[in-house]
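Please read it with the sequence and the coordinates at hand.

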Amino acid sequence: MTEGKYAIFVWPAYAISALAFAWMLLDSLLSARRWKRKVAALERDRERGDQEGSP
Amino acid sequence: MFAALANPHRFMAFSRWAAPILGVAAALLIGAGLWFGFHAPEDYQQGATVRIMFIHVPAAITAEWAYACLGGASFFALVFRHALADAAARAVAPLGAAFTLLALVTGSLWGRPMWGTWWVWDARLTSVLVLFLLFVGYIALRSAIDDEARAGRAAAILALVGLINLPIVKFSVDWWNSLHQGESIFRPGGPTIATVFLIPLGLMAGGYMFAFGALWLVRIRAEVWRRRALSLAVQAAAR
């Protein structure tokens with residue numbers, strides 16, 4: 001597991017891959033959550049507006 | 001199945017459970033691939049750098065697949081004016097760019113000890129760099145045009161033109177003299193890699209593809225919500 005003289009190449013390759021996966025996962029999930037919440041807020045506003053506008 | 005999923009409501013219902021299932025499958029496969037990879041013996045020529053292959057090759061395969069998905073989604077968006085296909089194309093580009101960059105960087109980290117250089121203007125390496133630039137160009141073009149419909153059409157044309165690069169990436173090692181080794185997995189007569197290396201490579205490749213699938217579904221969902229939010233904001237402003 002120490003990778004000997006090649007450790008300086010092997011471990012950075014795995015570290016960069018782990019970072020890239022972490023970025024892809026976080027960016028995707030946070031973006032989905034942000035827009036889902038935005039849609040929910042806008043739909044709430046619309047319903048409120050409809051109720052205020054109705055006689 | 002594609003016709004059924006072309007409906008955004010059906011797609012959202014499907015992706016809600018499909019994305020986590022693909023994500024769990026990806027985690028299991030990558031976990032197993034890492035275990036087998038770090039318990040595999042060192043290669044008699046490459047030494048411990050063979051372990052870079054277990055992340056480099058899957059990243060390269062996934063990058064090519066991501067571009068094929070971008071091309072397919074762009075085709076449906078351009079020809080059939082399908083909004084969900086356009087959302088899928090927009091969602092896949094950053095993932096494709098990330099996997100291509102991973103293939104380039106991990107390949108470079110393998111090339112330095114094995115070839116004695118970080119980079120050569122070799123046909124395979126150059127065509128993969130072009131693949132990365134196509135993904136980045138697609139993202140930049142979509143961002144550069146304010147009108148989303150026009151941006152989507154222009155970017156779709158770029159993506160379709162860029163499809164010509166896929167066979168170049170695949171066959172570059174056969175068509176030109178290349179420092180990069182020839183095809184050793186998907187070739188007539190079967191793989192030339194020892195089973196002890198093929199197992200972690202296959203597990204990692206499966207894991208990367210499942211991870212890509214899960215992330216793509218999540219990003220399409222985000223894109224559908226983004227468009228819905230923009231539509232609601234316009235409706236609210238008009239009232």
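The points below take up confidence, each chain, a helix pair and the contact between the chains.

1. The model is a predicted one, and the confidence values are therefore the place to start. For the complex, the predictor gives an ipTM of 0.90 together with a pTM of 0.92. In chain B the mean pLDDT is 92, and 98% of the residues of chain B reach 70 or more.

2. In chain A, the secondary structure amounts to one helix and zero strands.

3. On overall dimensions, the C-alpha trace of chain B spans about 70 × 35 × 30 Å along its principal axes. The radius of gyration of chain B is 20 Å, which agrees with the value near 18 Å that a compact globule would have, because that value is the one for 239 residues.

4. As to burial, 42% of the 239 residues of chain B count as buried, while in chain A, with its 55 residues, buried residues make up 18%. Among the contacts in chain B with a separation of 6 or more, 76% are accounted for by residues 24 or more positions apart.

5. One helix pair of chain B deserves a careful look. Two packed helices are described by the angle between their axes and the distance between the axes. Helix 3 of chain B, residues 50-80, packs against helix 8 of chain B, residues 195-238, at an angle of about 40°, and their axes lie 9 Å apart. The crossing of helix 3 of chain B and helix 8 of chain B is right-handed.

6. Which residues make this contact? On the side of helix 3 of chain B they include B:Val50, B:Met53, B:Phe54, B:Ile61, B:Thr62 and B:Trp65, and on the side of helix 8 of chain B they include B:Phe197, B:Leu201, B:Met204, B:Tyr208 and B:Phe212. By class, the residues in the contact of helix 3 of chain B with helix 8 of chain B divide into 18 nonpolar, one polar and no charged.

7. Finally, there is the contact between the two chains, to which chain A gives 27 residues and chain B gives 29 residues. The side of chain A that touches chain B is made up of 16 nonpolar, five polar and six charged residues.

Key. Residues are numbered from 1 along each chain as its sequence is written. Chains are lettered from A and ligands numbered from 1 in the order in which they are written. This is a predicted model: local features need pLDDT of at least 70, side-chain atom pairs count only at pLDDT 80 or more; totals for chains, interfaces and linings use all residues. Two residues are in contact if their C-beta atoms, placed from the backbone, lie within 7 Å. Ala, Val, Leu, Ile, Met, Phe, Trp, Tyr, Cys and Pro count as nonpolar, Asp, Glu, Lys and Arg as charged, and the others, Gly among them, as polar. Axes are lines fitted to C-alpha atoms, for helices over the stretch in contact, and angles run from 0 to 180 degrees between N-to-C directions. Helices (H or I, at least four residues) and strands (E, at least two) are DSSP runs, numbered from the N terminus. A crossing is left-handed if the near helix is turned anticlockwise from the far one by less than a right angle, and right-handed if clockwise. The radius of gyration is taken over C-alpha atoms; the globule rule is 2.2 Å times the number of residues to the power 0.38. A residue is buried if 20 or more other C-beta atoms lie within 10 Å of its own, exposed if 12 or fewer, and partly exposed in between; C-beta atoms are placed from the backbone. pLDDT is the predictor's confidence in each residue, from 0 to 100.
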